[in-house]
Amino acid sequence: MITKKFGYRVKELRCNLGISQEKFALAIDMDRTYLASVESGKRNISLNNISKIAAGLGVTLEELFRGL
C-alpha cells in the first residue's frame, strides 16, 4: 500500500536527520498527530503537505518518493 510505503519513507528520512516527530512537525507547521498518522500509513496526504514534508527534510519530491 502506497500510504504505508510513503509513511515509512518519511519516518526513515526524519530519523536519519535525528529529529523527533514533534520537532519536525513544529518546523513544518503540521500537527504532530497528523504527521504520526502519515508516518504510520493511515493518512492519504495532500500534495501540499507532501511538499511541506519534502522541504522540511531538505529533499526534492523525487528523492522523497525514491524507492516507492
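**Entry: elements.** I looked up the secondary structure and found five helices and zero strands. The model is predicted, and I keep that in mind throughout. Reading from the N terminus, I wrote the order down as α-α-α-α-α.

**Entry: overall form.** I checked the extent of the C-alpha trace, which spans about 25 × 20 × 20 Å along its principal axes. Next came the radius of gyration. A compact globule of 68 residues would have a value near 11 Å, and this protein has 10 Å, so the two agree.

Entry: I looked up burial: 37% of the 68 residues count as buried. Then I took the contacts with a separation of 6 or more. Of these, 53% join residues 24 or more positions apart.

**Entry: one helix pair.** Two packed helices are described by the angle and the distance between their axes. I picked α1, residues 2-17, and α4, residues 47-57. Their axes come within 10 Å of each other and cross at roughly 25°. Angles under 35 degrees count as roughly parallel, and α1 and α4 are therefore roughly parallel to each other. I also noted the hand: α1 passes α4 in a left-handed crossing.

**Entry: who meets whom.** Which residues of α1 meet α4? I listed F6, V10, L13, R14 and L17 on the α1 side. On the α4 side I listed I50, I53 and L57. I then sorted this contact by class and got seven nonpolar residues, no polar ones and one charged.

How values were computed
Residues numbered from 1 in each chain as written. Predicted model: local features only at pLDDT ≥ 70, side-chain atom pairs only at ≥ 80, totals over all residues. Heavy atoms only, no water. Axes fitted to C-alpha atoms, helices over the stretch in contact; angles between N-to-C directions. Helix = DSSP H or I, 4+ residues; strand = E, 2+ residues; numbered from the N terminus. Parallel < 35°, antiparallel > 145°, perpendicular 65-115°, else oblique. Left-handed = near helix turned anticlockwise from the far one by under 90°. Contact = heavy atoms within 4.5 Å. Nonpolar A, V, L, I, M, F, W, Y, C, P; charged D, E, K, R; others polar. Rg over C-alpha atoms; globule rule 2.2 N^0.38 Å. Buried < 20%, exposed > 50% of the residue type's maximum accessible area, 1.4 Å probe, protein only.
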